[in-house]
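User: Could you take a close look at one spot in this model for me, and then walk me through the contacts elsewhere?

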Amino acid sequence: MNAVEKLYATIVQHFPTERITTNQAADAVGLTRGVTSSYLSKLEKQGKLLKTGSRPVYWQVKRDHSAFDDLIGVHGSLSTNIQLAIEAIVYPTHGLPIFITGPAGSGKLPFAQAIYHEAIRREVLKKTAVFKIIDCANYKDHPGTLKKKLQSENNATTADGTAESGYLYIKNVQMLGSSDQHYLFTHTNQQQTTAFRYIYSGTTEIFKAARVWFKSAAVQIKLSAFSDRPLNERITFAAMYLQQQADQINKEILIAPNELIKLANFDHVNNITALNNRVQLLCAGAYAKAPDHTQLRLGQTDTSAILVTPKQQTLQARITSLITSALQLGPTTDALFKKLSDSLNNGESITEQNFLLAKVLNQVDTIASEKLLSVFAQAIQKDAKTYITHIYGVTFPSDNIFWQNVALAFAFAGLCRDNLPDTQSALKIQKAIKHRYPRSYYLFKHFLTKLKAQYVQSPYYYLPFFMMMIHCESKIESVQYNAILLAHGEHTASSIQQVVNSLCGNYFFEAFDMPIDVTLDQINGYVQEYLTDQSPSAKGNIVLFDMGSLRQMFREIKKVSDQELIVVNNVTTAMALDIGLRVQRNDAFQSIAEASEQYGATTEAQYYEGLSNKKNIIVSCMSGVGLSEEVKKLIDATLSPALEVIAVDYKELHTLLTNHDRKFFSNTQLILTTTDVAGDIGADIGADIGIDIVNVYNVFDKASSQKMQTVLRNCGESPQSINELIDRLVRFLSIEGIRGRLQILNPDIVIQESQRIVSHYEDFYNVKFGSRLKLNLFMHLSLMIERMMTSKRSTTSIDRATLTPPEQEFFSLSSGIFQPVEQKFNIKVQDYEIALLYQLLKDFIFVA
């Protein structure tokens with residue numbers, strides 16, 4: 001898909017029926033205005049888009065002209081009903097019967113006729129198909145005559161003798177008795193056997209009974225009363241009737257904006273028909289007063305009056321200007337945006353901005369009927385509870401007046417969107433809201449998306465923000481952290497989020513439910529998008545997730561934001577609730593960070609870059625993390641608590657030194673090992689990261705002992721503590737030290753077996769190991785034998801075919817050397833243990 005096709009697909013998806021500006025298209029696809037404009041022109045030449053207007057230019061997806069396009073409200077209040085009608089028309093093999101309900105004068109007949117014409121256009125019916133009307137009011141007291149009429153129509157033939165086909169429109173069904181209604185609906189069950197399709201119409205009440213009687217599938221279409229239609233549709237009706245009068249008398253009609261608004265708000269039991277009559281009477285009255293004038297004047301006309309010209313073919317296109325003229329929409333919004341901008345820039349509260357919007361809404365409160373506002377307000381209140389209160393814990397007032405004002409603000413926003421370009425002033429207000437109220441803006445934008453995805457594309461729909469968020473903005477903005485829940489599964493993270501936010505009564509956590517196979521890059525995408533939308537927090541970011549690499553997650557999120565960051569894994573509801581309460585109290589970052597380390601043995605937390613945020617010593621023993629822990633305990637008992645001791649196994653140390661730079665080890669002062677790590681990883685590894693790496697057995701050597709003392713003194717340790725530590729290490733690493741480490745086996749027997757094993761290696765490779773290496777080997781082998789007796793046996797093995805010749809030789813030799821030990825202690829020395837032993841000895845047995 002090339003760039004032009006991608007733009008078209010985006011417009012079709014987000015704006016299937018709407019007119020949009022070039023700027024809207026550019027924002028939707030993420031291109032510059034100039035490039036987007038050229039692509040839009042190409043799409044117009046390809047016949048895919050319609051271009052209208054000049055300043056600004058509007059674009060709209062081009063579609064085949066439908067019979068429904070001539071109905072007022074085709075892309076508005078009737079859009080859902082039209083889709084239902086199309087489904088009934090095209091359903092094989094004979095369509096579906098249709099019930100149209102609505103008050104008198106709501107347009108049931110024009111809608112039924114549009115269905116008929118659309119069926120012919122789609123070639124579902126032949127061009128010769130007929131549309132016949134049967135009015136049940138004529139048969140109220142003559143049900144037998146109605147039955148004969150239906151039979152007669154079903155048996156009717158054309159001039160060539162074939163059966164007539166088309167639609168029978170049976171209206172005013174409510175005029176029949178219940179038994180006669182039953183007959184009608186039963187008769188419809190036999191629709192497949194006739195050449196006619198059926199459309200029924202009547203008042204809303206009649207179909208309560210119909211649901212009981214009607215046994216076949218049927219499509220129900222409910223039309224709103226004229227007074228419940230959107231303002232632009234009501235103005236369109238009034239303008240249409242004015243146009244008809246201008247055409248009939250061949251005179252221009254000049255109407256005052258307030259008179260047009262009165263017509264749009266005309267309320268009568270017969271609605272649309274009565275409106276037409278009202279327009280005729282107004283025109284007749286004006287004509288009678290001045291029959292010789294070239295214009296009819298309706299109301300107190302001045303420079304703001306609206307002109308309707310005879311024989312005008314572009315009335316639909318002029319509806320926008322009619323609305324803006326009637327309400328003075330352009331000047332009204334320009335003045336509003338100027339005042340809102342000043343208020344936001346001057347740091348005034350949302351109360352002031354709410355007041356500015358309320359003043360404008362009070363001036364244009366005729367844009368929606370009371371009934372329409374009430375229904376809309378209930379829908380918005382319900383959606384707010386579902387999409388904000390239920391998920392984010394933020395509550396709103398429950399009184400009807402509040403929600404009617406919110407609904408009025410949304411109606412005004414829709415009016416602006418449909419009739420005004422997206423001005424820079426409108427866009428600046430949207431950006432100012434995000435800057436001033438970032439967390440509240442985020443929730444409101446989320447709400448707009450749930451209401452209707454296209455809402456977020458128009459800056460006018462951010463005007464209701466000031467009306468809706470006035471009572472909760474300060475509470476939402478008081479939160480000083482951005483907190484995120486990430487968990488695999490359809491509802492895991494969102495369930496925790498709902499509980500915590502609801503119990504705390506505020507928006508603390510956002511949640512992302514992730515698929516099982518999500519990658520780290522995708523997770524990072526979730527976080528990056530959220531933090532970008534959310535704006536920086538005052539104190540930092542908190543990320544709770546269920547599983548994965550803690551350090552890797554921390555490192556990736558740090559690439560997105562350089563703010564303080566806490567990352568905690570193995571998230572639970574209790575953990576999230578505890579953090580939520582701490583965030584609610586606005587606890588200090590360090591306080592929350594330290595608390596996050598106490599959630600349980602299976603939970604880890606990281607809130608600093610690198611291995612630790614304290615001065616530390618790393619201890620890593622080849623013989624296992626257990627021995628490293630013993631050395632850690634010894635150091636902890638001797639040196640001050642300010643120096644952290646971190647015990648890791650040899651493999652983890654190898655990985656850390658290979659994959660990280662000095663920044664990661666910024667607080668590491670010394671690395672103690674039981675083997676020469678530098679020789680294993682690279683001769684200059686210590687120099688690369690700037691850390692002294694000391695083999696703990698070198699404490700027997702004066703030079704190494706002094707080096708370690710210097711490092712510890714620089715860490716602030718006293719000479720007495722340092723000397724005591726070295727004395728303890730010497731004792732720990734002696735034969736007596738080995739005896740003290742063994743818990744089960746007889747030390748004399750195990751050490752003797754270890755000595756025998758070492759001697760065999762010396763004999764085979766014709767080398768003599770130094771005393772320090774021997775002591776290391778005795779420690780390693782003795783603890784290995786006991787460990788293998790007390791732990792579960794592993795089945796992990798190494799594919800020896802992949803080993804180098806020296807390694808294969810060592811493995812083969814070791815199998816023979818360990819055989820007596822295996823028999824004596826009933827153990828099996830695993831390949832992993834032999835591989836460790838090889839790492840200890842390789843630099844001593846393969847010498848040049």
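What relative accessible area does Glu 724 have?

Analyst: Glu 724 comes out at 36%, so it counts as partly exposed (buried is under 20% relative accessible area, exposed over 50%, partly exposed in between, with a 1.4 Å probe and protein chains only). Bear in mind that this is a predicted model, where local features need pLDDT of at least 70, side-chain atom pairs count only at pLDDT 80 or more, and totals for chains, interfaces and linings use all residues. Residues are numbered from 1 along each chain as its sequence is written, and side-chain values use heavy atoms, with hydrogens and water left out.

Glu 724 has a partner: it makes a salt bridge with Arg 728, with 3.0 Å between the closest N and O atoms (that is, a side-chain nitrogen of Lys or Arg within 4 Å of a carboxyl oxygen of Asp or Glu). Helix α31 (residues 719-732) holds the two of them, four residues apart, or about one turn of the helix. Helices here are DSSP runs of H or I with at least four residues, strands are runs of E with at least two, and numbering starts at the N terminus. Arg 728 is partly exposed too, at 26%.

You'll find that arrangement again in helix α24 (residues 573-584), where Asp 578 and Arg 582 sit four residues apart, about one turn of the helix. Their closest N and O atoms are 2.8 Å apart, again a salt bridge, and Asp 578 is partly exposed at 23%.

Arg 787 and Glu 833 meet in one at 2.9 Å, N to O. That pair links distant parts, with Arg 787 in helix α34 (residues 771-790) and Glu 833 in helix α37 (residues 831-845), 46 residues apart. Arg 787 is partly exposed at 28%, whereas Glu 833 is buried at 8%. Elsewhere, Lys 132, Lys 149, Glu 153 and Glu 164 join up in a salt-bridge network.

Now for the rings. There are 28 aromatic pairs in the structure (rings of Phe, Tyr and Trp, using its six-membered ring, with centres within 6.5 Å; planes under 30 degrees apart are stacked, over 60 edge-to-face, the rest tilted). Tyr 441 and Tyr 462 are stacked, because their ring centres are 5.4 Å apart and their planes meet at 15 degrees. This pair also bridges distant parts of the chain: Tyr 441 is in helix α18 (residues 438-451) and Tyr 462 in the loop between α18 and α19 (464-468), 21 residues apart. Tyr 441 is buried at 5%, and Tyr 462 is buried at 1%.

Phe 512 and Tyr 530 make an edge-to-face pair, with centres 6.2 Å apart and planes at 75 degrees. Phe 512 belongs to strand β13 (residues 509-514) and Tyr 530 to helix α22 (residues 520-534), so the pair ties together parts 18 residues apart in sequence. Phe 512 and Tyr 530 are buried.

Tyr 441 and Tyr 462 also belong to one aromatic cluster, whose members include Phe 376, Phe 410, Phe 444 and Phe 466.

The charged end of Arg 439 sits 4.0 Å from the ring centre of Tyr 507 (the rule wants NZ of Lys or CZ of Arg within 6 Å of the centre and within 35 degrees of the ring normal). Lys 48 lies over the face of Tyr 8, 5.1 Å from the ring centre.
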